[in-house]
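Here is a short report on one chain. Have the sequence and the model side by side while reading.

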Amino acid sequence: RAEAVKATEAAEVVRAEAVDAMKTLRSEAEKAAEAAEAARAEAVEVARAETAGAVRAEAHAEVEAVKAECAALLERSATVTAAHSAAAALLVNQLQELRETKEAEVKEASEVAATL
């Protein structure tokens, strides 16, 4: 009978140790799950940051391309404006010469008419 009591007590001790071991394992499993979730969340943030960085780099490249295109357009505009200005000045000179020629012709015609 004493041996049965000792065996029962030993079994209780083993059972209590098993319960403690299970609690410890459960706690460690929960901590591991939390660590895995934190690692996943960090990986998501890193991926987002990398994606945002790539998007920013692409947008920056597009902005630089647009700036270069605008500079080229401004240069072309300046060239066209200069050509238009030169053409307008030439036209003004030609019109002035034509006016002077016509005035001379009118004066000459008046003088001829006056002699008749």
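Ala88 sits in helix H1. The model is a predicted one. Ala88 is partly exposed, because its relative accessibility is 40% and the class runs between the buried limit of 20% and the exposed limit of 50%.

Now look along the chain to Glu17. Ala88 and Glu17 are 71 residues apart in sequence. Their C-alpha atoms are separated by 104 Å.

## Overall form

The secondary structure is quickly told. The chain has one helix and zero strands. Helix H1 covers residues 2-115, and the chain has 116 residues.

How does the radius of gyration of the chain stand against that of a compact globule of 116 residues? The globule would have a value near 13 Å, but the chain has 49 Å.

## Surface and burial

What share of the residues counts as buried? The figure is 0% of the 116 residues. Burial requires a relative accessible area under 20%.

The accessible surface of the chain is about 10100 Å². Carbon and sulfur atoms account for 63% of that surface.

## A nonpolar patch

Three leucines come together on the surface. Leu91, Leu95 and Leu98 make up a nonpolar patch there. Together they have about 290 Å² of accessible area.

Leu98 lies in helix H1. This leucine is partly exposed, because its relative accessibility of 46% falls between the 20% and 50% limits.

## Charges

The chain carries 14 positive and 23 negative side chains. Where do the centres of the two sets lie relative to each other? They are 10 Å apart.

## Salt bridges

How many salt bridges does a search of the whole structure find? The search finds six. Three of them are described here, among them the pair Arg48 and Glu45.

Arg48 bridges to Glu45, with 3.0 Å between the closest N and O atoms. That lies inside the 4 Å cut-off for a salt bridge. The two residues are three apart in helix H1, which means they are separated by about one helical turn. Is Arg48 buried or exposed? Arg48 counts as exposed, because its relative accessibility is 52% and the limit is 50%. Glu45 is partly exposed, with a relative accessible area of 45%.

## Two further pairs

Glu64 and Lys67 form a salt bridge through their side chains, at 3.6 Å from N to O. Both residues belong to helix H1. They are three residues apart, about one turn of the helix. Glu64 is partly exposed, at 35% relative accessible area.

Glu103 and Arg99 form another salt bridge, with an N to O distance of 3.2 Å. This pair also lies in helix H1. Here the spacing is four residues, again about one turn of the helix. Glu103 has 44% relative accessibility and counts as partly exposed. Arg99 is partly exposed as well, with a relative accessible area of 47%.

Methods
Residues are numbered from 1 along each chain as its sequence is written. This is a predicted model: local features need pLDDT of at least 70, side-chain atom pairs count only at pLDDT 80 or more; totals for chains, interfaces and linings use all residues. Side-chain values use heavy atoms; hydrogens and water are left out. Buried means under 20% relative accessible area, exposed over 50%, partly exposed in between (1.4 Å probe, protein chains only). The radius of gyration is taken over C-alpha atoms; the globule rule is 2.2 Å times the number of residues to the power 0.38. Accessible areas come from the Shrake-Rupley method with a 1.4 Å probe; for residues, only the protein chains shown count as cover. Lys and Arg count as positive and Asp and Glu as negative; His and the chain ends are not counted. The place of a charge is taken as NZ of Lys, CZ of Arg, CG of Asp or CD of Glu. Patches are made of residues with over 30% relative accessible area and no salt bridge: like charges are joined within 9 Å, nonpolar side chains (Val, Leu, Ile, Met, Phe, Trp, Tyr) within 5 Å.
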